[in-house]
2 protein chains.
Amino acid sequence: MISDYRCFFCFARAFEKLITRHGFSVEEGNLFTHEMISLFFKKWGSLTMPEFSREMHYILRRHSGNPDPYSTEKKFSNDQALEMVPELMEIIGNSPDKFSTALRIAIAGNIVDFAANDDFNLKETVNKALSSDLAIDHSTELRNRIRKAGQVLYLGDNAGEIVFDRLFIENIGHGDLTFAVRGGPAINDVTMDDAIYTGMTEAAGVISTGYDAPSVIPEKSSETFRELFRKADVIISKGQGNLEGLIQLNDDRIFFLLMAKCETVAEYLKVPRGSKVVVNPQLME
Amino acid sequence: MISDYRCFFCFARAFEKLITRHGFSVEEGNLFTHEMISLFFKKWGSLTMPEFSREMHYILRRHSGNPDPYSTEKKFSNDQALEMVPELMEIIGNSPDKFSTALRIAIAGNIVDFAANDDFNLKETVNKALSSDLAIDHSTELRNRIRKAGQVLYLGDNAGEIVFDRLFIENIGHGDLTFAVRGGPAINDVTMDDAIYTGMTEAAGVISTGYDAPSVIPEKSSETFRELFRKADVIISKGQGNLEGLIQLNDDRIFFLLMAKCETVAEYLKVPRGSKVVVNPQLME
């Protein structure tokens with residue numbers, strides 16, 4: 001399990017902001033915070049961070065009545081990313097290696113993450129991603145494996161980011177690729193609404209995992225999704241949340257594409273914080 | 001009890017910084033953080049914030065082996081304040097109302113607080129305090145009560161701040177005034193070492209409370225201190241910590257002098273955050 005005490009403090013920061021945003025009274029804030037402390041006290045060491053996140057958001061929902069606290073940010077992220085599409089398509093089109101360029105853009109899109117950090121610059125991140133190296137680069141193997149694959153499963157992560165995933169998927173050009181979205185609101189993660197809004201449904205088959213944690217947790221997912229997960233020849237997993245949910249499977253079909261946005265994940269991958277990586281567990285040292 | 005969920009998040013911020021500062025390993029950080037969560041889970045609603053703070057610092061001490069994590073800041077604060085003494089003495093000396101000016105300077109010194117916020121500007125705060133109104137001002141009553149008092153007890157708060165307390169005490173000019181320090185290291189609060197280092201021992205009698213919470217908690221204090229507390233005619237209580245420990249006594253001998261540095265205390269006093277106040281419980285609305 002990729003998690004340590006720093007995740008708790010990261011959660012505390014995120015949920016303190018959400019308490020403020022929801023305009024909780026002091027009494028509501030007390031009740032919510034005590035439930036948060038209670039959850040961490042009782043489940044420390046037994047839940048993964050995406051599972052904690054799901055539980056915490058359910059508690060928040062019960063207190064606030066708001067099932068989707070990041071809906072505004074999600075729309076903003078999608079719109080911001082959609083605006084960049086013509087420019088990015090030109091960059092990819094003029095590139096000598098379209099797959100590699102589109103892959104870097106897709107990873108750069110992983111910067112959109114209101115849970116870890118709501119202060120990011122999408123355009124700057126894309127420019128950086130295009131000019132800098134991947135800290136771990138198993139993309140050649142990924143490309144070879146996609147070429148031979150009968151079925152590809154692409155596990156989505158955040159709103160906004162999904163637009164760049166679409167550009168990458170269009171450049172993968174695989175005939176049987178399915179994009180997976182969360183089964184319901186989970187932080188700013190993509191749901192079916194985002195897939196429709198951003199045109200992902202036109203670029204690939206889209207499926208819901210059937211579970212609303214900010215990660216793919218196969219045993220909690222729908223039977224349909226699990227069947228697809230079992231049958232896929234290559235699985236492209238975007239972002240930290242999916243890494244946290246899937247890394248313990250040690251499944252060599254999975255390629256994790258992400259920015260290491262926090263120290264905990266960066267240390268796990270043995271890369272500097274902020275690094276962009278394409279990692280296959282089999283090829284890890 | 002002046003405390004709510006915001007205090008928990010404030011604690012989380014402070015102790016995350018301390019974990020980093022002490023260079024804890026991930027495993028030590030995990031153990032410490034779980035003990036923190038456990039303490040809050042078990043004692044929520046039953047301990048005051050200064051008591052929580054004391055417990056947390058004991059846990060930190062056990063993990064770090066460092067009994068006084070703020071010793072460097074304390075020396076820095078004392079030195080910084082001592083450097084300002086000639087200038088402040090001149091300001092007080094030239095003032096038409098020396099008591100009032102020295103009192104404002106003493107309250108401004110309350111900005112020194114590494115637990116609540118380690119990013120403050122002492123000189124700027126003093127200048128502001130001299131030119132702005134007190135949000136609650138029971139200082140005329142304080143002055144009258146001191147005039148008639150046989151014994152005055154002055155409850156110290158932070159290092160650095162103690163230097164300005166000394167200037168105020170010298171201007172109070174009472175023949176039987178005792179300054180109380182904490183019984184041992186508690187955040188950046190004053191101990192006997194600070195009283196000696198800053199010359200407080202030359203300006204007043206100095207006594208230890210005999211207890212090392214960042215507040216005065218009479219029932220936990222030494223018998224000598226409690227006797228003095230019982231007999232005092234006027235008690236000047238500096239800072240938020242002392243307010244949190246003493247407010248529930250509803251003791252009309254106590255005048256609380258402080259800056260309301262956080263929302264929780266500011267709301268309790270019904271003043272804007274950052275306000276400077278002289279409050280007597282009897283005179284509160």
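Me: Which side chain meets B:Glu16 in a salt bridge?

Reply: This is a predicted model, in which local features need pLDDT of at least 70, side-chain atom pairs count only at pLDDT 80 or more, and totals for chains, interfaces and linings use all residues. Side-chain values use heavy atoms, without hydrogens and water. A salt bridge puts a side-chain nitrogen of Lys or Arg within 4 Å of a carboxyl oxygen of Asp or Glu. At 2.7 Å, N to O, the partner of B:Glu16 is A:Arg13.

Me: How many salt bridges does the rule find across the interface of chain A and chain B?

Reply: The pair A:Arg13 and B:Glu16 is a salt bridge between the chains. Across the interface, the count is 2.

Me: What area do chain A and chain B bury between them?

Reply: Buried area is the accessible area (1.4 Å probe) that two parts lose on being put together, summed over both. Here 75% of it lies on carbon and sulfur atoms. A:Tyr5, A:Phe9 and A:Phe41 supply 30% of what chain A buries against chain B, more than any other three residues. The total for the two chains is about 2200 Å².

Me: Which residue of chain A comes closest to the rotation axis?

Reply: Superposition is by least squares on C-alpha atoms of residues with pLDDT of at least 70 in both copies. A rotation of 180° with 0.0 Å of shift along its axis puts chain A on chain B, RMSD 0.0 Å. That is the relation of a two-fold axis. At 3.0 Å (C-alpha), the closest residue of chain A is A:Ile37.

How values were computed. Residues are numbered from 1 along each chain as its sequence is written. Chains are lettered from A and ligands numbered from 1 in the order in which they are written.
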